[in-house]
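Please keep the sequence and the 3D view open while reading.

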Amino acid sequence: MQTFSKRNRLLKRSDFLRCYDGGKRHFTSSFIIFVLPTAAETWRLGLAVSRKVGGAVQRNRIKRLLREFFRLHQDRIPPCFDLAVVPKKGLKHAELSFSGLERELISLLTGFFEKQVSSVSSVKASSERREQ
């Protein structure tokens with residue numbers, strides 16, 4: 001059983017701000033995802049669910065669904081990224097299901113990270129050639 005450990009979480013405000021300011025934004029119908037390449041050995045996830053989305057029960061449900069999605073699909077996320085996920089203001093939490101969330105976010109994982117990993121590895125390879 002895979003766990004979603006504390007080392008895979010963005011916890012500090014400064015980490016969130018760095019991700020918001022320097023990260024690349026990706027939009028889905030329900031979420032804005034900020035992705036920041038890092039030199040860390042693990043990926044980290046931060047969830048910023050504000051009161052604009054709903055009451056405490058709704059916000060906690062959204063966070064539970066997002067954490068579960070990233071826990072189940074953590075093998076698809078390369079180790080050199082920080083992610084901050086922000087639900088959009090008009091998110092219909094009553095209609096949000098795990099399968100719907102999975103359909104929405106799986107395309108981001110498969111498409112974006114494959115492109116990023118190939119570009120990061122090509123940059124590393126070119127820098128290694130320059131050193132030789």
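A salt bridge is a side-chain nitrogen of Lys or Arg within 4 Å of a carboxyl oxygen of Asp or Glu.

The model is predicted: local features need pLDDT of at least 70, side-chain atom pairs count only at pLDDT 80 or more, and totals for chains, interfaces and linings use all residues. Residues are numbered from 1 along each chain as its sequence is written, and side-chain values use heavy atoms, with hydrogens and water left out.

**Overall layout**

- The protein chain has three helices and four strands, taken as DSSP runs numbered from the N terminus (helices are H or I, at least four residues; strands are E, at least two).
- Along the sequence, these elements follow the pattern α-β-β-β-α-β-α.
- The protein chain has 132 residues, of which 40% count as buried.
- The accessible surface of the protein chain is about 8100 Å², and 51% of it belongs to carbon and sulfur atoms. Accessible areas come from the Shrake-Rupley method with a 1.4 Å probe; for residues, only the protein chains shown count as cover.
- Of the contacts in the protein chain between residues at least 6 apart in sequence, 84% join residues at least 24 apart. Contact means heavy atoms within 4.5 Å.

**Surroundings of E104**

- E104 lies in helix α3, residues 98–131.
- Setting aside neighbours within four places in sequence, E104 is in contact with T28, S29, S30 and F31.
- T28 is found in the loop between β1 (24–27) and β2 (31–37).
- With a relative accessible area of 14%, T28 is buried.
- T28 and E104 are 76 residues apart along the chain, and their C-alpha atoms are separated by 6.8 Å.
- Beyond neighbours within four places in sequence, the contacts of T28 are I33, K88, E104 and L105.

**Salt bridges**

- Side chains of opposite charge can pair when their charged atoms come close.
- The count by the rule above comes to four salt bridges.
- One of the pairs is D15 with R44, where the closest N and O atoms are 3.3 Å apart. D15 lies in helix α1 and R44 in strand β3 (residues 44–47), so this pair ties together parts that are 29 residues apart in sequence. Both D15 and R44 are buried.
- R44 also forms a salt bridge with D82, the closest N and O atoms being 2.9 Å apart. Because D82 lies in strand β4 (residues 81–87) and R44 in strand β3, the pair ties together parts that are 38 residues apart in sequence. Both D82 and R44 are buried.
- E68 forms a salt bridge with R71, with the closest N and O atoms 2.8 Å apart. Both residues lie in helix α2 (residues 56–72), three residues apart, about one turn of the helix. E68 is partly exposed, with a relative accessible area of 30%, whereas R71 is buried at 17%.
- Salt bridges that share partners join D15, R18, R44 and D82 into one network.

**The segment before α1**

- F4 lies in the segment before α1 and is buried, with a relative accessible area of 12%.
- F4 and R71 are 67 residues apart in sequence, and their C-alpha atoms are 5.4 Å apart in space.
- Leaving aside neighbours within four places in sequence, F4 is in contact with R9, W43, L45, R67, F70 and R71.
- R7 and R44 are 37 residues apart in sequence and 7.1 Å apart in space, C-alpha to C-alpha.
- Not counting residues up to four places away in sequence, R7 touches T42, W43 and R44.

How values were computed: Buried < 20%, exposed > 50% of the residue type's maximum accessible area, 1.4 Å probe, protein only.
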